[in-house]
Amino acid sequence: MSLEFLSDEWFAKVKEIRDGAGNVEAPAALADLVINITVNADGGDKELALVGGMIEEGHHADAPTTMILPADLAKRIFIERDQSAGMQGLMSGPIRIEGDMSKLMALQTAQPSADQVALMTQLPDLTA
């Protein structure tokens, strides 16, 4: 089953997978980390957040950092897990950061737990 990246159906399936996993351990560097993400997509901006290293639909009011980026780059970073695309996007300009940049750096250096990796490996098969 392939669902359009960031569609309502995609978010619903991601939530279903996350909820089905139960209590997912997050490393200390990610446990309390909340980063809002605004993805500039063809149909309008999509808002999501990384909460404890997990994708959630919508922004969080208490997030100290917001990342703004185009949809194709978001897909490369969050679905294909291409970390070099993230660094290139920061350096060359398609990724803009508002707020506390140090929170983003914590995300860059943290290693996801085995449980988180197991969940993330399901996203490419889910995503069109």
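Which residue in β2 is the bridge partner of Ile 35? In β2, Leu 50 takes that place.

1. Basis. This is a predicted model, in which local features need pLDDT of at least 70 and side-chain atom pairs count only at pLDDT 80 or more, while totals for chains, interfaces and linings use all residues. Residues are numbered from 1 along each chain as its sequence is written, and side-chain values use heavy atoms, with hydrogens and water left out.

2. Sheet. An open sheet is formed by 5 strands in the order β3-β2-β1-β4-β5, with mixed pairing. At its edges are β3 (54-57) and β5 (96-99), each of which pairs on one side only. From one strand to the next the twist averages 25°. Strands (E, at least two residues) and helices (H or I, at least four) are DSSP runs, numbered from the N terminus; two strands pair if DSSP finds at least two bridges between them.

3. β1 and β2. Strand β1 (residues 34-41) and strand β2 (residues 44-51) run antiparallel and are joined by 8 bridges. They form a hairpin with 2 residues between them.

4. β2 and β3. These strands also run antiparallel, joined by 4 bridges. Their hairpin has 2 residues between the strands, and Gly 52 in the turn has a positive phi of about 60°. Leu 48 stands opposite Glu 57 in β3, and Ala 49 has Glu 56 as its bridge partner there. In a regular strand, side chains alternate between the two faces of the sheet.

5. Salt bridges. The whole structure holds 3 salt bridges, defined as a side-chain nitrogen of Lys or Arg within 4 Å of a carboxyl oxygen of Asp or Glu. One joins the side chains of Glu 16 and Lys 13 (3.0 Å, N to O). Both residues lie in helix α1, 3 residues apart, about one turn of the helix.

6. Surface charge. Glu 4, Asp 8, Glu 9, Asp 42 and Glu 57 gather in a patch of negative charge on the surface. Patch residues have over 30% relative accessible area and no salt bridge, with like charges joined within 9 Å; areas come from the Shrake-Rupley method with a 1.4 Å probe. Glu 9 lies in helix α1 (residues 8-20).

How values were computed
Patch = residues over 30% accessible without salt bridge, like charges linked within 9 Å, V, L, I, M, F, W, Y side chains within 5 Å. Lys, Arg positive; Asp, Glu negative; His and termini not counted. Charge placed at Lys NZ, Arg CZ, Asp CG, Glu CD. Axes fitted to C-alpha atoms, helices over the stretch in contact; angles between N-to-C directions.
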